[in-house]
Amino acid sequence: MKKKLVNKLVAGVIVSAMALAGCMSAFAEEAETEPVTEAAEKEEAEEETEAYTGDASDENTRNQDDIGEKELLVVSFGTSFNDNRKATIGAIEDAMEAAFPEYSVRRGFTSQIIIDHVMDRDGVAIDNVEEALNRAVDNGVKTLVVQPTHLMNGFEYEELMGTLAEFSDSFEQVAVGEPLLTSDEDFLAVADAITAATADYDDGKTAIVFMGHGTEAESNQVYSKMQDVLTENGYENYYIGTVEASPALDDVLAALDGKGYEKVVLEPLMVVAGDHANNDMASDEEGSWKTTFEEAGYEVETLLTGLGELEAIQELYVQHAQAAVDSLAE
């Protein structure tokens, strides 16, 4: 069978491994996919050391052998918040397993710091991407479908595609699903999901604010696009901000000013509710989003719910993986 590498960066477009390697774009990524320095990752791990984040002893890390000839590898940045990892990444993987019973679903994380931290703290082993791919090779996998849980086409997604290109001769077929926010339909689906999940708060007196990671690179435009989609569809009490870029926290505060809001609900626009959600957004420390809105006179409620917990988001990832599977027959 002819080997081919399918890059689902654009729906319906199939390219070879060489074309894939040559068409990498310099996008940046959101919380789970931002190129994170080793120092920053170590700092996150150290911050999490003091807090209990749940029991990982019963977690399915999906690093088993006996894979068979068809594998669906779910690639995530990762988080060391155990409970939320199971509720988000684990739930996405479970949805993949239910949707594709003919495939063995496996896990790969891109953050080695998080992998090491979980191992050192909890004794739980999680494969990095290369380990997962080598495991697939050793198990004789012929058809490999890769579905990233990345929010957008960014640096982490780009690096993933480069790594897959290095393994292109190891499998007969490889197909890659798109990140969460790729097409216009994806933005509408995510907007529907987050507004449905928070509809009870939309009472005209409450601002529902979603915190993304943000980046100085071009892909930061996904946040302004999501804001536009929300506003254009009548969700005028919904606001998008970012930790690292624009729109910043000050921009959100300015947007709320004078509109008569009494309460602010904060929730991450991230696949997992990890370090940024727990510390930058929801903590009582000075400078957090919670304390900043409280100091501005608002009652504040924080929701530590990652996007991956929402069934509609899980289904959207399944749809992207299905498109990748379907491309193998083209």
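## Salt bridges, sheet and helix packing

Asp184 has 48% relative accessibility and therefore counts as partly exposed, where buried means under 20% relative accessible area, exposed over 50%, and partly exposed in between (1.4 Å probe, protein chains only). The model is a predicted one, in which local features need pLDDT of at least 70 and side-chain atom pairs count only at pLDDT 80 or more, while totals for chains, interfaces and linings use all residues. Residues are numbered from 1 along each chain as its sequence is written, and side-chain values use heavy atoms, with hydrogens and water left out. Helices (H or I, at least four residues) and strands (E, at least two) are DSSP runs, numbered from the N terminus.

**Salt bridges**

- The structure holds 15 salt bridges, each defined as a side-chain nitrogen of Lys or Arg within 4 Å of a carboxyl oxygen of Asp or Glu.
- Asp184 meets Lys225 in one of these, at 2.6 Å from N to O; the pair links distant parts of the chain, since Asp184 belongs to helix α8 (residues 184-197) and Lys225 to helix α9 (residues 221-232), 41 residues apart.
- Lys225, at 25% relative accessibility, counts as partly exposed.
- Lys86 and Asp58 form a salt bridge whose closest N and O atoms are 3.1 Å apart, and this pair, 28 residues apart, connects helix α3 (residues 82-87) with the loop between α2 (38-49) and β2 (70-76).
- Arg107 forms a salt bridge with Glu59, the closest N and O atoms being 2.9 Å apart; Arg107 lies in strand β3 (residues 104-109) and Glu59 in the loop between α2 and β2, so the pair ties together parts that are 48 residues apart in sequence.
- Both Arg107 and Glu59 are buried, and they belong to a network of salt bridges that also links Arg62, Arg85, Glu93, Asp94 and Glu97.

**The sheet around β8**

- An open sheet is formed by 4 strands in the order β7-β6-β8-β9, with parallel pairing, where two strands pair if DSSP finds at least two bridges between them.
- The edges are taken by β7 (238-242) and β9, each with a single partner strand, so one side of each is left without a neighbour in the sheet.
- Strand β6 (residues 206-212) is joined to β8 by 6 bridges, among them those pairing Met211 with Pro268 and Ala207 with Val264.
- A further 4 bridges join β8 to strand β9 (residues 299-302), where Lys263 stands opposite Glu299.
- In strand β8 (residues 263-268), 6 of the 6 residues are buried, so the strand is largely enclosed by the rest of the structure.
- Side chains in a regular strand alternate between the two faces of the sheet; in β8, Lys263, Val265 and Glu267 point one way and Val264, Leu266 and Pro268 the other.

**Helix packing**

- The axes of α8 and helix α13 (residues 311-327) come within 9 Å and cross at roughly 160°, with axes being lines fitted to C-alpha atoms, for helices over the stretch in contact, and angles running from 0 to 180 degrees between N-to-C directions.
- The two helices, α8 and α13, are therefore roughly antiparallel, given that angles under 35 degrees count as roughly parallel, over 145 as roughly antiparallel, 65 to 115 as roughly perpendicular and the rest as oblique.
- Their contact is made by Asp186, Ala189, Val190 and Ala193 of α8 and by Ala312, Ile313, Leu316 and His320 of α13, contact meaning heavy atoms within 4.5 Å.
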